[in-house]
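The plan is to look up a few side-chain contacts and jot down what turns up.

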Amino acid sequence: MRVTGDKNPAASDCCVVADKIEVSNGEEDCSHTQKEIWNKVAASCTKQGYSGDTYCLSSGVKISEGKAVAASGHQWDKGVITKQPTASETGIRTFTCTVCRTTRTETLAKLTAPAMPEKGSVIKDTASRAEYRVTAVGTANGKATGTVSYVKPSDKSAKTVKIPAKITVNSAIFTVTSVADKALQGNSKVTKVTIGNNVTTIGANAFSGCKKLKTVSIGKNVTSIGANAFSKCTSLTRITIPAKVKKLANNHSMAVRS
């Protein structure tokens with residue numbers, strides 16, 4: 001409060017005749033050194049905020065107004081697959097905001113069925129570490145199937161070779177029905193060969209010249225063994241031939257019927 005006026009000559013020295021009384025909020029003399037932000041609202045992922053107004057704590061005067069603060073937007077994680085896609089159904093990937101935990105989803109396309117190998121093509125099977133030639137293709141119970149012939153091992157340093165009854169390549173199941181001509185001819189590493197029970201034919205010279213080959217186990221359904229299939233296998237002294245074998249070509253002096 002400010003009081004102004006003239007001194008009354010008749011009054012004592014301590015008295016002043018007031019001719020004006022002003023009430024001031026102190027703004028004129030306040031330097032606003034003590035400030036504080038009021039009405040501040042934090043922005044969220046989806047709603048805008050407010051920076052807040054600046055007030056003087058001494059006078060209570062609003063020094064400046066705040067501004068709108070834009071919404072920050074969601075901060076999505078990399079997402080996780082919550083439903084795996086198949087060849088017949090789409091899948092779902094779910095994303096979660098790392099700030100507010102809101103979720104969103106995206107659709108994953110159906111899986112494309114792998115192309116069926118053509119007859120005559122060569123395919124590789126990592127499980128048996130070998131190459132096969134496709135001899136027939138078809139379907140059974142809605143699944144791709146076929147037959148193949150064992151061509152050669154992928155690992156030329158393998159000492160043990162197992163020719164399986166079946167292989168699975170690109171979700172298609174192939175039955176191994178034969179061992180191709182010259183499949184392991186001249187292999188200098190192999191010492192043991194096991195032939196699966198779906199094999200019916202062993203081609204000519206299939207194992208000829210495998211000088212370290214000592215043990216051969218032939219599947220029970222083999223019906224034909226080609227010429228010189230085991231010739232020059234100098235470490236091989238005996239082969240047990242399954243009872244179903246009807247054709248046994250020459251140069252199988254070590255062969256013994258089961």
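This is a predicted model: local features need pLDDT of at least 70, side-chain atom pairs count only at pLDDT 80 or more; totals for chains, interfaces and linings use all residues.

Is Lys62 buried, exposed or partly exposed? I looked it up: Lys62 is partly exposed, with a relative accessible area of 36%.

**Entry 1: salt bridges**

I searched for salt bridges and the structure holds four. One of them joins the side chains of Lys62 and Glu65, at 3.6 Å from N to O. Glu65 counts as exposed, because its relative accessibility is 60% and the cut-off for exposed is over 50%.

Next I checked Lys83, which forms a salt bridge with Glu89; their closest N and O atoms are 3.6 Å apart. Lys83 is partly exposed at 34%, and Glu89 is partly exposed too, at 42%.

Then I looked at Arg129 and Asp155, another salt bridge, with the closest N and O atoms 3.3 Å apart. Arg129 lies in the loop between β11 and β12, and Asp155 in the loop between β13 and β14, so this pair ties together parts that are 26 residues apart in sequence. I get 45% relative accessibility for Arg129, partly exposed, and 25% for Asp155, also partly exposed.

**Entry 2: aromatic rings**

My search of the whole structure for aromatic pairs found three. Trp38 and Tyr55 are stacked, with 4.2 Å between centres and 20° between planes. Trp38 sits in strand β3 and Tyr55 in strand β5, 17 residues apart, so I wrote this down as a link between distant parts of the chain. Trp38 is partly exposed at 32%, while Tyr55 is buried at 14%.

Tyr132 and Tyr150 make an edge-to-face pair, 5.4 Å centre to centre with 90° between the planes. Since Tyr132 is in strand β12 and Tyr150 in strand β13, the pair ties together parts 18 residues apart in sequence. Both Tyr132 and Tyr150 are buried.

I also looked at Arg104. Its charged end sits over the ring of Phe95, 4.1 Å from the centre, and over the ring of Trp76, 5.1 Å from the centre.

**Entry 3: the core**

Which residues touch the most other members of the largest nonpolar core? I noted Tyr150, Ile202, Phe207, Leu213, Ile218 and Phe230, out of 36 residues in that core. Elements giving two or more residues to this core include β12, β13 and β21. The largest share, four residues, comes from β16.

Methods:
Residues are numbered from 1 along each chain as its sequence is written. Side-chain values use heavy atoms; hydrogens and water are left out. A nonpolar core is a set of buried Ala, Val, Leu, Ile, Met, Phe, Trp, Tyr and Cys residues joined through side-chain atoms within 4.5 Å. Buried means under 20% relative accessible area, exposed over 50%, partly exposed in between (1.4 Å probe, protein chains only). Rings of Phe, Tyr and Trp (its six-membered ring) pair if their centres lie within 6.5 Å; planes under 30 degrees apart count as stacked, over 60 as edge-to-face and the rest as tilted. A charge sits over a ring if NZ of Lys or CZ of Arg is within 6 Å of the ring centre and within 35 degrees of the ring normal.
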